[in-house]
Structure formats: C-alpha cells, structure tokens
Amino acid sequence: MKIIKTVNIITLNAKKDKILLVKRAADDILLRKWSFIGQAQRKDENLHECAKRILKEDLGVETKEFTPFTKKENTTSNSVIKSEYFIAVIPDKITLNKQKYTEFEWSKLNEELFFNDYAFNQKDIIADLLKQS
C-alpha cells in the first residue's frame with residue numbers, strides 16, 4: 001500500500017478571527033467543496049520547508065511561524081494518507097493560485113463554518129480548532 005504524506009495549513013488572519021478557505025480547481029469530486037490549502041510533502045523537504053512552499057505557491061505569502069495543530073490518517077483502497085495540519089497567521093491580502101483553486105473566502109471563526117460543504121475531514125479539523133479558541 002502506498003503511503004502519501006501531506007501538509008495542510010489552517011490559515012488565520014492577523015487578528016485570528018477569520019480562517020481562509022479555498023475551493024479546488026481540479027478534481028470534479030472536490031470542485032465545489034471548501035478546504036484548507038495543502039499538498040503532498042516532497043521527499044527532499046521537511047515539514048517546515050513543505051509548509052513554507054505551500055504558502056508561497058498557493059497564496060503568494062511567506063511566514064516562518066507554523067504551529068503544529070493535529071495529525072490525521074485516512075486509508076483509501078490503495079493508499080494511506082498521513083496528513084499533518086499546521087496553523088499559520090498570514091496577511092489578509094493573498095494572491096490565490098488560480099491553477100489550483102477557483103475561489104477563496106475569509107470566514108469568521110465561529111459555528112457558522114459548519115454550514116459549509118467541506119472536502120476530506122476539514123469539518124472535524126474546524127471543530128477541533130473552535131474548541132481550542
């Protein structure tokens with residue numbers, strides 16, 4: 001079975017009262033679902049390097065501070081996906097990678113987030129985040 005390691009970033013604004021959600025451009029199954037930015041970790045990079053690369057490639061922003069948040073593991077018919085989640089505080093102004101994402105939204109960090117349709121296990125991650133804030 002193939003093991004895929006991913007890094008996902010929960011991006012918060014400077015006031016930490018809004019969370020950035022994106023909709024993916026590819027993948028018909030996930031096209032209309034909200035998620036966090038994230039990618040597979042490359043073999044030649046550590047988690048921190050991967051997180052920095054994702055922020056730069058997907059949102060056009062840089063930060064050096066990433067707070068580990070949680071780890072999740074999902075099994076598909078032919079792979080195990082091991083996901084690391086980090087929190088990063090970023091500027092409100094971003095440059096969205098339009099090849100990967102169709103839209104983004106800064107959403108208030110509250111229970112109304114549960115009304116969105118999410119990809120993967122993002123709703124569980126948001127529930128955990130709201131418990132800690």
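I looked up Lys93 and found it exposed, with a relative accessible area of 73% (exposed means over 50%, buried under 20%, partly exposed in between, with a 1.4 Å probe and protein chains only). Lys93 is placed in the loop between β6 and β7 (strands are DSSP runs of E of at least two residues, helices runs of H or I of at least four, numbered from the N terminus). From Lys93 to Lys5 I noted 29 Å, C-alpha to C-alpha, and 88 residues in sequence.

I note that this is a predicted model, in which local features need pLDDT of at least 70 and side-chain atom pairs count only at pLDDT 80 or more, while totals for chains, interfaces and linings use all residues. Residues are numbered from 1 along each chain as its sequence is written, and side-chain values use heavy atoms, without hydrogens and water.

I next followed β1. β1 runs parallel to β6, joined by 11 bridges (strands pair if DSSP finds at least two bridges between them); Thr11 stands opposite Ala88 in β6. With β4 (residues 37–40), β1 runs antiparallel through 4 bridges, and Val7 faces Gln39 there.

I then turned to the largest nonpolar core, which has 19 residues; Ile9, Ile37, Leu55, Leu59 and Ile90 touch the most other members (a core is a set of buried Ala, Val, Leu, Ile, Met, Phe, Trp, Tyr and Cys residues joined through side-chain atoms within 4.5 Å). The largest share of this core, 5 residues, comes from α1. Leu59 touches, among others, Thr11, Leu20 and Ile37, not counting residues up to four places away in sequence (contact means heavy atoms within 4.5 Å). Apart from this core I found another, of 16 residues, including Phe36 and Tyr118.
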